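The sequence and structure come first, and the description follows.

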Amino acid sequence: MAITQFLKGNEAVVKGAILAGCRAFFGYPITPASEIAHTAAYYMPLVGGTFLQAESEVAAINMVYGAASAGIRVMTASSGPGISLKQEGISYLAGSELPCVIVDIMRGGPGLGNIAPDQSDYNQVVKGGGHGSYKNIVLAPNSVQEMFDFAILAFDLADKYRNPVFILADGFIGQMMESVEIRIPEVKEPEKNWAVKGTVETMDNLITSIELDPDDLERHVSKLQQKYKIVEEQEVRYQSYMLDGAEIVIVAFGIVSRVVQTVVDELREKGVKVGMFRPITLFPFPKNEIADIANEVESFLVVEMNNGQMFDDVKLAVGNRKPIYFYNRLGGNVPTTKEICDKVMEILRRS
Amino acid sequence: MSKEILKKSEVFYEVYERKPGADKLTTTYCPGCGHGIIHKMIAEALEDFGVQDRTIFISPVGCSVFAYYYFHTGNVQVAHGRAPAVATGLKRANPDSIVISYQGDGDLAAIGGLEILHAANRGEGFTVIFVNNAIYGMTGGQMAPTTLIGQTTMTTPRGRDPVNDGYPIRMSEIIATLEAPVYVERVMLSDSKEIMKARAAIRKALKVQIEKNGFAFVEILSPCPSGWKMTPSQAKRWVADVLSKYFPVGVKKDISAEFEGRKKEVKKVSKEEIAKILGIVEAEEVDKRVNKYVDKDVSEEIKVAGFGGQGVLSLGITLAYMGMKHGYKVSWLPSYGPEMRGGTANCHVKISKGSIGSPVVSYPTLLIAMNRPSLDRFENDVVSGGIIVYDNSLIDREPVRSDVTVIPIPATKIADEIGSTKIANMVVVGAIVKYLDLMSVEYIIDSIDQVIKSKKLADMNREAIRKGVEYMTTNYKLG
């Protein structure tokens, strides 16, 4: 049975999380992510869970560390400045291999920046962000439906790999309302026999990220890299749109991919051979898929709302085989369909 | 009794397998260090109270970072200063566990100052053992927040100077000022009499957690011969003669007798109930009145703009929600944040038969301007052949564009006549829906409560929509 609800992205992600079995939310208010906390504050106590407004972002992520250590499904949410503060705890979560879900509703930066939608947390979320050789699994929704769906997926991936999973969205995806088809998922939480549950069975368990001996730490960090390799082999997700016969492929994620979808529709109507490739997982990045596309097309255009942070990953995938163009807006501005159309036409004229 | 005291507590591992190196029987602590004694008193208490299997011990950053080598309990090692936050997460996830947050002075009073203050203030049901030795031991003898005035450390080579470094912080006294903590005491490890008092304090603090799920805090003035560059016996004397003069021992707060206990039941809610709570209920049957619109080819890009408080956002939500109910694809995107509070507000609405790409409306097919600044700002963006609807009871100019359809509606005036300025937005809803024939007006009137939850305004909202429809029927000769 599926029913349809009209929801904000920031509400949908909490409803998905609760249906996925999440029973604890620890967070700190920040625009444009606050509705996630509001929604969690309303629902968590009703479903037998915990909502706690923490004294700081640092405390919030460490509460997540505690609840994850105890083996329950737990989440937090914030926006750029708050994610920066959480990085310490995220590094510990990754190091201790604790599953959790972190939602980042990106806003303009650096510093206080502004509260408009932005994509400049790409590097601090996708590349790790805190100290140490670790990775987060990163899902980038581009609709309210995906905010709901990915909340469920995120908890499954977090448990499967014992790793923090990010839902990396932006102010628009968080704030906008769309219809969401809600299906109640079959939740299969794996047995967490590694957790510290205050029971006889888990008395010998230890949650830690410290390994004093360099050889021991090397073994541990190597094991993490092995895990990331498996994630790269098994969890790549992406969306291709109108790639058939495309001469130029626009690469975009999140809200930008929605704008680009319209651009592709408009240009295709005019006979321009353009398509879109949207990475859904930013780590693992669909580098092989982009490399394959590079064999078929003339050029790429990367469109982002940052200083080219995903561009680097596209560049790594394509190498020097095909030209990669770049268009961006900064400061919380969303590129318009017209701007992107003009850019595509300019590239096609040049080549 | 004497036999039992000599035996190592069962709460300690017999052999410290987690400890690297050949020696798996002794601890990593220096001779004369207080940690060993404190560990022992905690272990014995856990054993006596029969809670070893429920206990989770938190190892902090500091000399006791490897406490998990020794304690045969659940163990969690945490970031510097964050133990109270982690303990909060553990305890909230599993209220039946017994959680011990074991922290040093730098950990608790400096880098983790905020975490301990707020966990204490919430009265979290765990026990804090605060080991105060007035110095950073593990990192090599630097100043702690509890280092005494004049005390030399690696980072106060000329002695702690309050002008530069501030004063030593009395944490127990601070914690005791809060409402929620149940029991706060400072003890010291200076001689066997004081050690027995420390033992009693630790046991009491654990009892507060075990029996009443309350927050208890024990500060222990503890010798650090290595850090202080003293012999173990000199260090013990210094605790009594110097350290405790600034940090007086004794009970700082104790409401354990009258404290009724902190609730810890975990509510079990069934899957069915959760679905209901989240509003996931059997879909109502599709209303016959919307069927007429199933095949209608619609592609509206709407911008709604006005003052904050004019109901601009809910006007947009109403159109989008009702659009969804009529089988269209819809999106609604607001201006958000401080912009909404007092200033201008606007939202983007798309209603379309086909799927919606960008939710951003840069060039509206329909502009709804509820005030003059909105008309001024967005008039030129409207596509050629588009529509501008504006509230001519508030806007004192006409649109200048000649390539668009202009529809003035005295929405605020009509709303005032009905009885509330607030419902001008619903007048506009009625007018637009009627004009564009996008949806069933009767359906919207009957189901407006699903969007606008205010019961007080419900009747007036319905009336406002009707009046909007009536205005268009009268003035634009619509059937």
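Helices (H or I, at least four residues) and strands (E, at least two) are DSSP runs, numbered from the N terminus. This is a predicted model, in which local features need pLDDT of at least 70 and side-chain atom pairs count only at pLDDT 80 or more, while totals for chains, interfaces and linings use all residues. Residues are numbered from 1 along each chain as its sequence is written, chains are lettered from A in the order in which they are written, and side-chain values use heavy atoms, with hydrogens and water left out.

B:V428 lies in helix α16 of chain B, and at 2% relative accessibility this residue counts as buried (buried means under 20% relative accessible area, exposed over 50%, and partly exposed in between, with a 1.4 Å probe and protein chains only). Leaving aside residues up to four places away in sequence, B:V428 touches B:L315, B:I368, B:M370, B:V389 and B:A411, where contact means heavy atoms within 4.5 Å.

Two packed helices are described by the angle between their axes and the distance between the axes. The axes of α15 (residues 411-418) and α16 (residues 424-436) of chain B come within 8 Å and cross at roughly 115°; such axes are lines fitted to C-alpha atoms, for helices over the stretch in contact, and the angles run from 0 to 180 degrees between N-to-C directions. In this contact, B:A411, B:T412, B:I414 and B:A415 of α15(B) meet B:A424, B:V427 and B:V428 of α16(B).

In chain A, the 16 residues of helix α4 (residues 80-95) should span 22 Å at 1.5 Å a residue, and the end C-alpha atoms are 22 Å apart, which agrees; the expected span is 1.5 Å times one less than the number of residues. Of these 16 residues, 12 are buried, so α4(A) is largely enclosed by the rest of the structure. Its buried residues pack against elements of chain A including α3 (57-69), β4 (74-78) and α8 (214-234).

Most residues other than glycine have a negative phi, and most peptide bonds are trans.

| Residue | Phi |
|---|---|
| B:K229 | about 55° |
| B:D437 | about 50° |

B:K229, in the loop between α9 (225-228) and α10 (232-246) of chain B, counts as exposed at 68% relative accessibility, whereas B:D437 counts as partly exposed at 31%. A cis peptide bond joins A:T31 and A:P32, with omega about 5°.
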